[in-house]
Structures are given as C-alpha cells and as structure tokens.
Amino acid sequence: MFCKYCGNEINEKAIVCPNCGVAVNNTICHSSEQKTNVLAIVGLIMAFFMPIAGLICSIIGYKKAGEYSDNSKPMALAGIIISSIIMGIILIILSIYINLVVFLLGAFSGMKAF
C-alpha cells in the first residue's frame, strides 16, 4: 500500500507512515495491485481460434473496460475487429463451397444450376 500524502510504499499493518509521520488509518490511496480486464485478453486470443466466442468476450470486455485500471479498450476493440474479419472470411468460404456443391450436383444430375 502507499501513503496518500507522501506516496511512499508502507506496510499494510502500519499505523503511521514511517516517511512523513502522518496517521495511516484512512490515508491509503491505492494498493500496488492493478486490475486486469481478462475478458479483453481472452477475447483477443479466442478471436483467432473461435471467432464467435472471441467476439462475445471482446464485446463484454470492451463494455467493462472503464472499470479497470489498465488500458484494455484497444485490446478489446482489436478482438472485435479480428473476430468480425475472420467470421466474414469463413462465411465467404462457406458460401463459395455451398455454391460449388450445388453447381456440381446440378451438373451431374442434369438440372440447371442457379
């Protein structure tokens, strides 16, 4: 923990700051631990392997980015963009595959393809 007045690190059990001498009983500003937006990190990683889950985690991480002390909003935004691009590529490949199958089935069965 840190002293609110002088900013030096102090023991959590201290009653008085050993550096400035001010009472510590409500003078603690913040601890040395920082919160991390885990959903933004998970969303960015999952965007490459499971884009739908990555998109969901990234959106939730983006909405909760203000609650965390780290700068996780750009990371969540990157997860949203990458997930969207990969899902678009998958949809394009899937539609090409379906059209190819329909065309080949029509060509072999004597039906006219679309």
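## Burial and overall make-up

A residue counts as buried when its relative accessible area is under 20%. By that cut-off, 21% of the 114 residues of the protein chain are buried. The model is a predicted one.

The protein chain holds 3 helices and 0 strands. Read from the N terminus, its elements run α-α-α. Helix H1 spans 38-49. Helix H2 covers residues 51-63. Helix H3 takes in residues 73-109.

## Confidence

Mean pLDDT over the protein chain is 84. A score of at least 70 is reached by 86% of the residues. Among the elements, helix H2 has the highest confidence, at 94. H3 has the lowest, at a mean of 92.

## Surface and contacts

The protein chain exposes about 8400 Å². Carbon and sulfur atoms supply 67% of that area.

Contacts can also be sorted by distance along the sequence.

## Asn37, before helix H1

Asn37 sits in the segment before helix H1. Its relative accessible area is 1%, so Asn37 is buried, the cut-off being under 20%.

What does Asn37 touch? Leaving aside residues up to four places away in sequence, the partners are Gly61, Lys64, Ala65, Tyr68, Asp70 and Ser72. With Gly61 there is a polar approach: a polar atom of the Asn37 side chain lies 2.8 Å from the backbone oxygen of Gly61.

## Lys63, in helix H2

Is Lys63 buried or exposed? Lys63 belongs to helix H2. Its relative accessibility is 69%; the cut-off for exposed is over 50%, so Lys63 counts as exposed.

Lys63 can also be placed against Ala40. The two are 23 residues apart in sequence. In space, their C-alpha atoms are 9.7 Å apart.

## A nonpolar patch

Seven names make up a nonpolar patch on the surface: Leu91, Leu94, Tyr97, Ile98, Val101, Val102 and Leu105. Together they have about 650 Å² of accessible area.

Ile98 is one of the patch residues. Ile98 is found in helix H3.

Definitions and conventions:
Residues numbered from 1 in each chain as written. Predicted model: local features only at pLDDT ≥ 70, side-chain atom pairs only at ≥ 80, totals over all residues. Heavy atoms only, no water. Patch = residues over 30% accessible without salt bridge, like charges linked within 9 Å, V, L, I, M, F, W, Y side chains within 5 Å. Areas by Shrake-Rupley, 256 points an atom, 1.4 Å probe, with all protein chains shown as cover. Salt bridge = Lys/Arg side-chain N within 4 Å of Asp/Glu carboxyl O. Helix = DSSP H or I, 4+ residues; strand = E, 2+ residues; numbered from the N terminus. pLDDT = per-residue confidence, 0-100. Buried < 20%, exposed > 50% of the residue type's maximum accessible area, 1.4 Å probe, protein only. Polar contact = N/O pair within 3.5 Å; in protein donor to acceptor, adjacent residues only side chain to side chain. Contact = heavy atoms within 4.5 Å.
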